[in-house]
Amino acid sequence: MSQQADSQKTGDLLIDQKRKDYRTGLLCVLLCQVSWGFLPVFWNLLDPIPSQIIILYRVVTMFLCSYVAARSRYSRAEVWEPFRQRRIRWKYIAAGFVLTINWSIYIWAVTSGRIIQATIGYYIEPLVICLVGILFFKEKLTRFNIVAMAFALAAILIILLHFGQLPGAALGLAVSWAIYSAIKKTSVLPNLIALVYETLVFAVLAFPTLLYLEGRGLGALSLHMPGKYALLFLTGLVTLVPVALFSAAARKVPLFIIGLAQYISPSLQLLLGIFLYREPVDRVQMFAFLLIWIGLVIFSFGELKNSRRG
């Protein structure tokens with residue numbers, strides 16, 4: 001009888017712990033998406049610093065923040081030992097290259113009055129990732145995936161016909177993140193250590209470039225705005241915080257919840273673009289957004305069914 005009571009008590013403790021983990025994970029994923037959604041405000045606070053200078057500072061400070069965070073949890077040997085393996089080294093350098101492209105497009109877009117176009121990229125991103133999974137990882141194609149991608153494609157075609165050009169920033173963001181996700185799909189390293197590798201090479205290249213530009217009076221110091229210059233050193237931190245929150249959430253809540261929550265961030269950015277930064281948006285654009293949203297609802301419904309079946 002005593003053994004049965006102990007077993008019941010242990011089971012109750014495990015259930016309580018799972019509930020706590022779920023609540024913590026849900027809070028982390030919500031904070032991650034909300035902080036990501038408001039990031040355009042931070043990047044626009046750096047105006048009139050050129051976007052290429054912001055990108056260089058972000059790469060350097062992201063490496064420093066990642067390394068400090070990694071060393072707070074792992075020893076020096078644990079951080080650097082995997083880097084000795086050639087396959088791992090080149091894999092994360094490739095991931096870092098794609099990630100740098102993604103963030104560079106994003107920062108350029110939100111600091112040049114293209115927040116709404118960046119939003120389109122983040123809305124179609126889950127569908128592009130799904131397509132990459134189907135093409136390269138032989139993941140099963142469902143009727144929900146087909147219909148959702150058809151709506152997204154229709155929206156892109158409408159934008160193409162309306163403006164006479166491809167939404168380059170939107171497609172660049174979606175495709176680069178999908179490639180990054182594909183590389184990371186086989187990742188075996190803790191996220192913080194992986195980020196160190198992904199930013200190391202580009203930080204090494206960016207740092208002397210910054211020294212050269214600042215020395216020639218072509219960088220941020222030449223603007224004589226100490227407050228904005230100080231903000232540049234926070235670019236790595238504001239990048240790392242959402243990533244860390246996302247990593248914490250991924251271990252505690254179902255993937256469907258994480259996928260659904262990822263629509264919070266572009267929705268907030270869309271509202272910022274329209275109401276705070278007064279970016280032009282017409283009926284055709286709103287109709288294209290409506291098609292994307294319908295596709296996302298269908299996609300989410302299909303993912304929910306799959307998660308329940310799993």
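# Helix packing and selected residues in a predicted model

His 224 lies in the loop between α9 and α10 (226–232), in a model that is predicted. The phi angle of His 224 is near 55 degrees, which is a positive value in a residue other than glycine, and His 224 counts as exposed because its relative accessibility is 69%. The points below turn to the packing of helices, then to residues within those helices, and finally to the loops.

**Packing of α3 against α9**

- Two packed helices are described by the angle between their axes and the distance between the axes.
- Helix α3 (residues 51–71) packs with helix α9 (residues 191–215) at an angle of about 140 degrees, and their axes are 7 Å apart; this angle makes α3 oblique to α9.
- The crossing in which α3 passes α9 is left-handed, and the contact of α3 with α9 comprises, by class, 21 nonpolar, three polar and one charged residues.
- Helix α3 itself has 21 residues and reaches 30 Å from its first C-alpha to its last, which is close to the 30 Å expected at 1.5 Å a residue.
- Of the 21 residues of α3, 16 are buried, so α3 is largely enclosed by the rest of the structure.

- α6 passes α8 in a right-handed crossing, and the contact of α6 with α8 has, by class, 17 nonpolar, four polar and one charged residues.
- The residues of α6 that meet α8 include Ala 118, Ile 124, Glu 125, Val 128 and Phe 137, while those on the α8 side include Leu 171, Leu 173, Trp 177 and Ser 181.
- The axes of α6 and α13 come within 8 Å and cross at roughly 165 degrees, so α6 and α13 are roughly antiparallel to each other.
- The crossing of α6 past α13 is left-handed, and by class the contact of α6 with α13 has seven nonpolar, four polar and no charged residues.
- In the contact between these two helices, Ile 115, Ile 116, Thr 119, Tyr 122 and Tyr 123 of α6 meet Pro 266, Ser 267, Gln 269, Leu 270, Gly 273 and Ile 274 of α13.

**Buried residues within the helices**

- Gln 269 lies in helix α13 (residues 264–276) and counts as buried because its relative accessibility is 0%.
- Not counting residues up to four places away in sequence, Gln 269 touches Trp 36, Gly 37, Pro 40, Tyr 106, Ile 115, Thr 119 and Tyr 122.
- Arg 58 lies in helix α3 and counts as buried because its relative accessibility is 4%, a value under the 20% cut-off.
- Arg 58 touches Trp 43, Trp 103, Ile 107, Thr 235, Gly 236 and Thr 239, again not counting residues up to four places away in sequence, and the C-alpha atoms of Arg 58 and Ser 104, which are 46 residues apart in sequence, are 9.3 Å apart in space.
- Phe 144 has its place in helix α7 (residues 143–163) and is buried, with a relative accessible area of 16%.
- Leaving aside its neighbours within four places in sequence, Phe 144 is in contact with Ile 298, Phe 301, Gly 302 and Lys 305; Phe 144 and Leu 296, 152 residues apart in sequence, are 9.7 Å apart in space from C-alpha to C-alpha.

**Loops and backbone geometry**

- Most residues other than glycine have a negative phi, and most peptide bonds are trans.
- Arg 278, in the loop between α13 and α14 (283–309), has a phi near 55 degrees, a positive value in a residue other than glycine, and Arg 278 is exposed, with a relative accessible area of 64%.
- Asp 47 and Pro 48 are joined by a cis peptide bond, with omega about 15 degrees, and Pro 48 is found in the loop between α2 (39–45) and α3.
- Gln 262 is found in the loop between α12 (255–261) and α13, and Gln 262 counts as partly exposed because its relative accessibility is 26%.
- Not counting residues up to four places away in sequence, Gln 262 touches Gln 33 and Phe 246, whereas the C-alpha atoms of Gln 262 and Ser 187, 75 residues apart along the chain, are separated by 21 Å.

Key: Residues are numbered from 1 along each chain as its sequence is written. This is a predicted model: local features need pLDDT of at least 70, side-chain atom pairs count only at pLDDT 80 or more; totals for chains, interfaces and linings use all residues. Side-chain values use heavy atoms; hydrogens and water are left out. Axes are lines fitted to C-alpha atoms, for helices over the stretch in contact, and angles run from 0 to 180 degrees between N-to-C directions. Helices (H or I, at least four residues) and strands (E, at least two) are DSSP runs, numbered from the N terminus. Angles under 35 degrees count as roughly parallel, over 145 as roughly antiparallel, 65 to 115 as roughly perpendicular and the rest as oblique. A crossing is left-handed if the near helix is turned anticlockwise from the far one by less than a right angle, and right-handed if clockwise. Ala, Val, Leu, Ile, Met, Phe, Trp, Tyr, Cys and Pro count as nonpolar, Asp, Glu, Lys and Arg as charged, and the others, Gly among them, as polar. Buried means under 20% relative accessible area, exposed over 50%, partly exposed in between (1.4 Å probe, protein chains only). Contact means heavy atoms within 4.5 Å. The expected span of a helix is 1.5 Å times one less than its number of residues.
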